[in-house]
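User: I'm new to reading structures and would like to learn about aromatic rings. Could you walk me through this one?

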Amino acid sequence: KNYPLKTFTEIEVRWGDQDAMNHVNNIKYFQYLEQARVGFFYHVSKLPISAVEAEISGAETLPILAKTECTYRRPVTFPDTLLVGFASEAVDKERGDFKHDYIIYSTAQNQIVSTAKADLVAYDYKEKKRQPVPEEWVF
């Protein structure tokens, strides 16, 4: 897979991200994926990040997360810095279906510690229907 640099987000693991087993709690990984995804759509694609902003800016087509899964390969502990990036691919472009394949890389361990997948939909909130996937959302 090609993971473009523009999709990567650097995330500092916080002490509070750990659970009673002294490793990053599984739900935190989904928050890390969300942070990378939202950061890309906000900073790179210049999409609004709230319904109010979408209404004000006149944005019509926005991404919706339909499904996500994560595979944990190695435990992560505090302190660490993670690099989260993704590849994006159209599944059914005209129907509005696309997917992300993620990697989470630990700088402390110098290796990939998790992989993940997400199914997304391009959706027009005003028309309340799917839209074709915009070109800039897949690469």
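Predicted model: local features only at pLDDT ≥ 70, side-chain atom pairs only at ≥ 80, totals over all residues.

**Aromatic rings, step by step**

User: How many aromatic pairs does a search of the whole structure find?
Analyst: Two rings pair if their centres lie within 6.5 Å. Searching the whole structure on that basis gives a total of 11 aromatic pairs.

User: What kind of pair do the rings of Trp15 and Phe78 make?
Analyst: Their centres are 5.8 Å apart and their planes meet at 85 degrees. Angles over 60 degrees count as edge-to-face, so the pair of Trp15 and Phe78 is edge-to-face.

User: How many residues apart are Trp15 and Phe78 in the chain?
Analyst: Trp15 lies in the loop between β1 and α1, while Phe78 is in the loop between β2 and β3. The pair thus links distant parts of the chain, and the separation is 63 residues.

User: Are Phe40 and Phe86 buried or exposed?
Analyst: Phe40 has a relative accessible area of 2%, and Phe86 has 0%. Buried means under 20%, so Phe40 is buried and Phe86 is also buried.

User: Which residue has its charged end over the ring of Phe139?
Analyst: Phe139 belongs to an aromatic cluster whose members include Phe40 and Phe86. At 4.6 Å from the centre of the Phe139 ring sits the charged end of Lys6.

Terms used:
Residues numbered from 1 in each chain as written. Heavy atoms only, no water. Phe/Tyr/Trp six-rings, centres within 6.5 Å; stacked < 30°, edge-to-face > 60°. Helix = DSSP H or I, 4+ residues; strand = E, 2+ residues; numbered from the N terminus. Buried < 20%, exposed > 50% of the residue type's maximum accessible area, 1.4 Å probe, protein only. Lys NZ or Arg CZ within 6 Å of the ring centre and 35° of its normal.
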